[in-house]
Amino acid sequence: MTTTKKNVLVFRPLPEDQLARLQAAHHVTVADPRKEPEAFAAALPGAHGLIGASHTVDAALLDAAPQLQVISSISVGVDNYPLAELHKRGIVLCHTPDVLTETVADTVFAILMATQRRVVELSNLVREGRWTKNIGEELFGTDVHGKTLGILGFGRIGQAVARRAALGFGMPVLYHARRPVDLAAQAPELQGRATHTPLDDLLARSDIVLAMLPLTDATRGMIDAAFFARMKPGAAFINGGRGATVNEEALLHALDHGTLRAAGLDVFAKEPLPADSPLRTHPRVTPLPHIGSATHETRHAMAELATTNLLQVLAGEKPTAPYDTAAA
């Protein structure tokens, strides 16, 4: 392992123990571009490694960092990074899969439950002093157990949600992905419980449709008016993937003028959600502030993996979790 110290630019806060790991091995600058844009810009020319999340990296930023060898993202998604440009320049991109799978699946299933049973809406009924008698049918929810769940995107998190649905709630699971998943190898417990299904068939049969899609040129805005029109009348829609995969105007139209019963959203096209967005206050939308991986344990595990990735690359080693930019 090399002992030469290099320059690391931390552009999102790290836990103290992970920051200490970096400082023990390299020269470290901490500069959040949202709060310290000048300090961030000043550190780029000498940076050999970047570590952080939720900041868009483009070709201009890479031009300002000619010594850059690695970007270690504290995230599983990589839509903030110019993959082809990184590949062309030979810059390694790392991310943090696996460590957040179960936590995000917990969150997704929680919002699914809350949407079906109108948990947030009815909790507010109590909090605001409006619960003065037994609720009537107009406030009843909808069962979860036994309902058909359709999942778009069947990677690690999609499969983790499917386990909760099929094994815990007796829900038949349909999934749509670019190719069928080898369940015998990847998720044997889901054999006979999850079925690869054409998209139109999935939409027509599912009581709840869950989107767990990455954001790519192919998926941006793909959940549109035609998509909602093909869904089973009275179905609910849940998005735990990326907000920009959904045309939000079409979603609102489907809620107000179509047959979509409800929506649960942890992600939005623009975040934080603008104050004037109708999604904030729509009576049949359960919104969350992008909290999929937001637990103390998981965020620390993500930071630890991202730090390990960065240290490995700067030491000339293969990182634990590289992202294949050549496949972009």
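Me: What makes S6 and strand S9 (residues 208-211) a pair in this predicted model?
Reply: Two strands pair if DSSP finds at least two bridges between them. S6 and S9 have 4 bridges, in the parallel sense, and therefore meet that definition. Leu152 stands opposite Ala211 in S9. Strands (E, at least two residues) and helices (H or I, at least four) are DSSP runs, numbered from the N terminus.

Me: How do you know that S6 is joined to strand S7 (residues 173-176)?
Reply: S6 and S7 run parallel and are joined by 4 bridges. Leu149 stands opposite Val173 in S7.

Me: Why is the crossover from S6 to S7 called right-handed?
Reply: The chain passes from S6 through helix H7 (residues 156-169) to S7. With the strands pointing away from the viewer, the path from the first strand over the helix to the second runs clockwise, and therefore the crossover is called right-handed.

Me: What makes Gln18, Leu19 and Leu22 of helix H1 (residues 16-25) buried residues?
Reply: Buried means under 20% relative accessible area, exposed over 50%, partly exposed in between (1.4 Å probe, protein chains only). Gln18, Leu19 and Leu22 are buried and therefore fall under 20%.

Me: How do you know that the buried residues of H1 line one face of the helix?
Reply: Seen down the axis of H1, they fall within an arc of 100° (taken from the directions from the helix axis to the C-beta atoms), so they line one face. The face turned away from the buried side carries the exposed residues Glu16 and Ala24.

Residues are numbered from 1 along each chain as its sequence is written. In this predicted model, local features need pLDDT of at least 70, side-chain atom pairs count only at pLDDT 80 or more, totals for chains, interfaces and linings use all residues, and side-chain values use heavy atoms, with hydrogens and water left out.
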